[in-house]
Number of protein chains: 2
Amino acid sequence: LKTALLIIGDEILSGDTLDTNSHFATSLLRNNGFSVEHILAAGDRATPIRTALDFLFGQVDIVISTGGLGPTKDDITKQTLTDYFGTELVLNDNVYEQLKKWLAGRGREVNELNKQQAMVPAAAETFLNPVGTAPVFWFRKGDNKHLITLPGVPKEMRHILQEIIVPVLKERFTHESIQQLTIQTVGIGESDLAMTIEDIENKIEAANSDGEFYKLAYLPTLGPVRLQLTGKGEDENKIRHRLEEFKNEIAERVNKYVFGYGSTSFPEAIGEMLRSRNATLATAESCTGGYIAHLITSIAGSSDYYIGSVVSYANEVKVHELGVSEETIAQHGAVSEASLKQMLAGALKKFGTTYVLATTGIAGPGGGTPEKPVGSVWIGVADGNGMNCRYLRFNRKREENIHLFSIIALDMLRRRMLGIANNE
Amino acid sequence: LKTALLIIGDEILSGDTLDTNSHFATSLLRNNGFSVEHILAAGDRATPIRTALDFLFGQVDIVISTGGLGPTKDDITKQTLTDYFGTELVLNDNVYEQLKKWLAGRGREVNELNKQQAMVPAAAETFLNPVGTAPVFWFRKGDNKHLITLPGVPKEMRHILQEIIVPVLKERFTHESIQQLTIQTVGIGESDLAMTIEDIENKIEAANSDGEFYKLAYLPTLGPVRLQLTGKGEDENKIRHRLEEFKNEIAERVNKYVFGYGSTSFPEAIGEMLRSRNATLATAESCTGGYIAHLITSIAGSSDYYIGSVVSYANEVKVHELGVSEETIAQHGAVSEASLKQMLAGALKKFGTTYVLATTGIAGPGGGTPEKPVGSVWIGVADGNGMNCRYLRFNRKREENIHLFSIIALDMLRRRMLGIANNE
């Protein structure tokens, strides 16, 4: 069954308000088996609302609107919809009683302005709003087209959609099951990933039939790439089974890049790996300037495995706090494998942790030389048995370089814990 | 001139990704004099994209799309649009050269998949993408209908819209002068700010006339609040002059909260203050876990004034690296004024910088006690002449607590440099 969202409100189109209602609604509807085909935002005026409804009813069966139902002048939605569906406004006693009670509970009385909220379109089915004053209307157009109007206040919208409307939708309409599985990868780009699993992707497409629909989507970020498998169809068990098969086949193929499934973030996954090994971590950061420490400590409970960091931005801190020798810096520079190795050894000695990570590089835009251009970095991981060091170079903005350096440091730690070589 | 946004991507309609592009784009377009009439989201398939374009071209002159332009299979936008506008894909040498350079800078070569990105619709005007691989296309339909396609990655979308597309739109379509001035504040909330300058705001509104339009907008973030003055009208000099007057009046009133003007970020302003004083800074971070260091080192050239940090996440690091005494921790706890003062003294001694900042607190969601609940924090700043310490408590999510603790630490440094007391 196809649905669409109609977001009503000038404040969305002016950029004053970030619309978070659609995100909540699409996610909830999808998880309950209803696909959302379009999200359309329209201003608080009759013409855009009418035009938007004409368009959406051409595409889908059920339109769910949010916003435009308050008592103030700029909200003209109710009158517009009453006209659109060829009906009229009448006083609804149930709504009026509930409105009186609601206002009384807040020490207020009904005035002319909020009394308007008890006027409802005669032809619409009306649902009381348990968390606010604007009731919900369910309009019908012919036999197959439905419009359900929700308030725009996120708290009200969420409660009503989840507790009232979705249960009624499920009861009234038979629906398809939609399921999703997510594979989280790091250390490989979107297009390399796509080439590696091209045949599996073709197989997924070939599995589409009349009653079933499968799809693989790439959701890249700066660093990790999420692979999202979607399956749709009547037979819930069959869909779940096929998705699991696809997931396993992909995960096996790109095994060494997979750090988790579902919505686990990369620093969270690293934290879980450390925790399950009873291992601890400390960092010695130069060019990443505390960003690795921040990524790790952004996870609740990270004090279980994370001890601390020396952010050695100035060379004197590398020398005094990490034991990098002045001769090494003079001979090889602070951005060198030799300096990195001494940072790793110094951090391991200072913190006594299972693992240490270290970075030294040039995040840019200044500070580059012909031999050590902007974007160059040495990254290393060490434990009691040895260390791995890598040289890399990126050609990005400062913030992106810092982010990528840090993600790669965490990926080197992941690989060291799993015994996967960095060139594998 | 009427515009609309077309948001392309299954990840938006499935509820997996929160669309923040529309919010950025509508706000930027509005501030530059273009109204946004509709925002429409459509899936990554030919039919919904075509249907959406037909609808939007019925309502507006300029459609700006985001998303659907990556190199992988699930992105079919380019082919769909090429068909829709009745043209064909041809290899564009400029795009191909730029793509090769871009990939080479990342140590990669052109493969069959990403080579596709150099294929462009023959009839479209093509703009190179300076921050990614997907170029921007400007399609025309008849004389008056335009489609401009932007990538979906927020960083790329924002840069291209702001730096390339909006300037071209203004050049091609507008005649009014629109000017903006921004005042950056920290340490005062949006509503307190509004009450403090209510009379100035009224004066700004009263200045509106037929030919001139003035507006003050509050753009709050978690921490700093930007005050944005907009002026629109035919007489460029007059508008500029009035805006300057308003700016000066506001800046004088809220002087002790102003850290800068224009687009200066707060860490950038702090950096400039340190630089102009030939001062240096080091940090000792417990609950902020390296985030203050990251904020400071996210600014290019910060190595001129920033020396480094001890992230003392574990108590043993506070003891061994910062000289906090075990007795103090046993008696008062790590989250206490006594521990904070020893952290400050220890950091000052270790790093020998002009200033040091330190934090110790409970970011949550775990780790709280009845006496020291989640969100409690001690923050301090010190120099050779003494120290200031503050206790605060917030009731937010972990990441937001960490962010606010860090902003307040930087604000305490700003106030210490300027000689403004923390309770002023």
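**View 1. B:Lys100 is partly exposed at a relative accessible area of 36%.** Partly exposed lies between buried, under 20% relative accessible area, and exposed, over 50% (1.4 Å probe, protein chains only). The model is predicted: local features need pLDDT of at least 70 and side-chain atom pairs pLDDT 80 or more, while totals for chains, interfaces and linings use all residues. Residues are numbered from 1 along each chain as its sequence is written, chains are lettered from A and ligands numbered from 1 in the order written, and side-chain values use heavy atoms, without hydrogens or water. B:Lys100 forms a salt bridge with B:Glu97 (3.7 Å, N to O); the term means a side-chain nitrogen of Lys or Arg within 4 Å of a carboxyl oxygen of Asp or Glu. B:Glu97 is partly exposed too, at 41%. Helices (H or I, at least four residues) and strands (E, at least two) are DSSP runs, numbered from the N terminus.

**View 2. A:Glu236 and A:Arg240 form a salt bridge in chain A.** Their closest N and O atoms are 3.1 Å apart. Both belong to helix H10 (residues 236-253) and stand four residues apart, so about one helical turn lies between them. A:Glu236 is partly exposed, with a relative accessible area of 42%, and A:Arg240 is partly exposed at 38%.

**View 3. A:Asp411 and A:Arg414 form a salt bridge, and A:Asp411 is buried.** The closest N and O atoms of this pair are 2.7 Å apart.

**View 4. B:Leu81 is buried in chain B, at 1% relative accessibility.** B:Leu81 sits in helix H4 (residues 77-84). Leaving out residues up to four places away in sequence, B:Leu81 touches B:Ile49, B:Leu53, B:Phe139, B:Leu147 and B:Thr149; contact means heavy atoms within 4.5 Å. B:Ala46 is 35 residues from B:Leu81 in sequence and 8.5 Å away in space, C-alpha to C-alpha. Helix H4 of chain B is mostly covered, with six of its eight residues buried. Among the elements of chain B covering these residues are helix H3 (46-59), strand S7 (136-141) and strand S8 (145-150). After the helix comes B:Gly86, with a positive phi near 60°.

**View 5. Chain B and chain A meet with 76 residues of chain B in contact with 81 of chain A.** The two chains bury about 6,000 Å² between them, 55% of it on carbon and sulfur atoms; this is the accessible area (1.4 Å probe) that the two parts lose on being put together, summed over both. Seven salt bridges are counted between the chains. B:Asp16 and A:Arg30 meet in a salt bridge with an N to O distance of 3.5 Å. A network of salt bridges links A:Glu321, A:Lys350, B:Glu321 and B:Lys350. The count over all chains is 43 salt bridges.

**View 6. B:Thr328 is buried in helix H14 (residues 326-332) of chain B.** Its relative accessible area is 8%. Apart from neighbours within four places in sequence, B:Thr328 is in contact with B:Gly333, B:Ala338, B:Ser339 and B:Gln342.
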